[in-house]
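Welcome to this short briefing. Please have a look at the model below, and then we can walk through it together, beginning with a single residue and moving out to the whole chain.

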Amino acid sequence: MGAIQPKILTWARETAGLSIDEAAAALGLTDARRRTRAERLARMEAGDEEPTRSVLVKMAKVYRRPLLVFYLAEPPKQGDRGQDFRTLPAGQEPFNPELDALVRDVKARQGLMRSMLEDNQAGPLDFIGSVTMELPAPKLAGLMADRLDFSLTRFRDMKNPDEAFAYLREKIERTGVYVLLLGNLGSYHTNIPVEIFRGFALADTIAPLIIINDLDARTAWSFSAIHELAHLWLGTTGISGTDTEQQIERYCNEVAGEFLLPADEVRQLASTLTRDMATVAAAISDFAEARHVSRAMVAYKLYRTGLMDKPQWTVLDQHFRREWQVHKEREAEKNKLAEGGPNYYVVRRHRVGAALLGLVRRSLDEGTITYTKASRVLGVKPRSVEPLLSLRGAR
C-alpha cells in the first residue's frame, strides 16, 4: 500500500459530518506530546503526522468507509444517488452522511441481488421505464393497480395500516420489485430524519428496489411505496423527500393519491372544509383512518383537487406534522420504559421483506452464494443469516 494522502483523511471526516473535535473523540485519540487529540488529528490531515494502522481501522469504522479507501490517491466521487427529487427547506444541507452511506449500501446490495437473479435466469421486467409523465396520473395508477392485481376494497378491509401495507407490499413484490424498510444504518444513532429522506427508488430492470424510511408514520408507508413504484414505471432512480415542488414529485404523488384515494371520494369532505380548523382536522382524521392512509395525504389530495386552497392546506399539513411528532415522542418514551422489545430477527425480517428472504434462501440452497454474500444482502452478520431465514414463514 502507498502512503496515506492527507486529503483523503479530511474528505472522509467531512463527508461523515464530523468536526475535528467530534472525530478525535469518536476515534478515541488521546492527548500526547503536548498536543490535544484534536490537534493530533489536524496534524494527520495536514500530513505532519502519519496515522497508525489501528487509527486507520478506527477511521474506517467511525467514518463508515472501507479501509481501502484511505489508500486512494484522490477522494472518490460522491456515490451516485440518481436524481435528487427533494427540495429542502432554506438552510438545510442536501448532503447527509448517513443517507449517502445508506445509498452506497443499498446499491451494493442491489448489485449482489442482480447477480443472484441472473443466476436464477430471471428476465427483465417490462414495466420498468415503460411510461413517461405525458401519461395522465390516473391512467398510470390504473395500469399499476392492474399489474399488481390490487384490490382497494381488500386494502381497506385490513384491520390496521400495518396489515394494509403488508398486503400492498406482497402485491408489489410479486411483480419482481423488492421493498425494503430502512431508516438508518443499523442503529438508532444513525437515524435519518423523514425531512431528509422519505423514499428511494432504484430503477433496474432485473432487481428494482424501493426503499422506504421506516421512521415515517406507518400510515404513510403505503403512499410512499406507490410513489416510488411510479418512479420505477418512469424509469427514474433517485431520492424522494417530503416536498411537492418538483414536477416529477407532484406527478408521482398524484399517481399514489389516485391509486389509494380516487379523487371522487375526497369530494365527500367538501361541505366540511368551510368550518373551523379543528372540525376540518377531525373530519380528515376520521376519513383517513377508515382508508388506512395518512391525514397529510388526504389534505394534499384536497388541495390538488382544488377543494382546498394552499394556505388552508399548509396550516393543516403543519398541524398534522406537529401532532405526529408529539405522538412519535410519546411512543419513544413508552419504548424506553417497556421491558424487552421486539425480537431482533422479527424486526429484521420485516425490514427486508419476504421476497428478498426467499431469494437469499433459494440462492443458498442452490449453492450460488456464500453466507458472507447473503449477510451483505440482508444487512446482518454471517452468523445471523440462518436464524433469520429459519423463522417460520421464510420462503
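Let's begin with Ser375, which counts as buried because its relative accessibility is 6%, and buried means under 20%. Keep in mind that this is a predicted model.

**Around Ser375**
- Ser375 sits in helix H17, the helix that covers residues 371–378.
- Leaving aside residues up to four places away in sequence, Ser375 touches Val380, Lys381, Pro382 and Val385.
- From Ser375 to Ile212 there are 163 residues in sequence, and their C-alpha atoms lie 20 Å apart in space.

**Fold and dimensions**
- The protein chain contains 18 helices and five strands.
- Its radius of gyration is 23 Å, which agrees with the value near 21 Å that a compact globule of 395 residues would have.
- Along the principal axes, the C-alpha atoms of the protein chain fill a box of roughly 75 × 55 × 50 Å.

**Packing and contacts**
- Of the 395 residues in the protein chain, 47% are buried, and Ser375 is one of the buried residues.
- If you take contacts in the protein chain between residues at least 6 apart in sequence, 70% of them join residues at least 24 apart.

- The protein chain exposes about 19,600 Å², with 51% of that supplied by carbon and sulfur atoms.

Definitions and conventions
Residues are numbered from 1 along each chain as its sequence is written. This is a predicted model: local features need pLDDT of at least 70, side-chain atom pairs count only at pLDDT 80 or more; totals for chains, interfaces and linings use all residues. Side-chain values use heavy atoms; hydrogens and water are left out. Helices (H or I, at least four residues) and strands (E, at least two) are DSSP runs, numbered from the N terminus. The radius of gyration is taken over C-alpha atoms; the globule rule is 2.2 Å times the number of residues to the power 0.38. Buried means under 20% relative accessible area, exposed over 50%, partly exposed in between (1.4 Å probe, protein chains only). Contact means heavy atoms within 4.5 Å. Accessible areas come from the Shrake-Rupley method with a 1.4 Å probe; for residues, only the protein chains shown count as cover.
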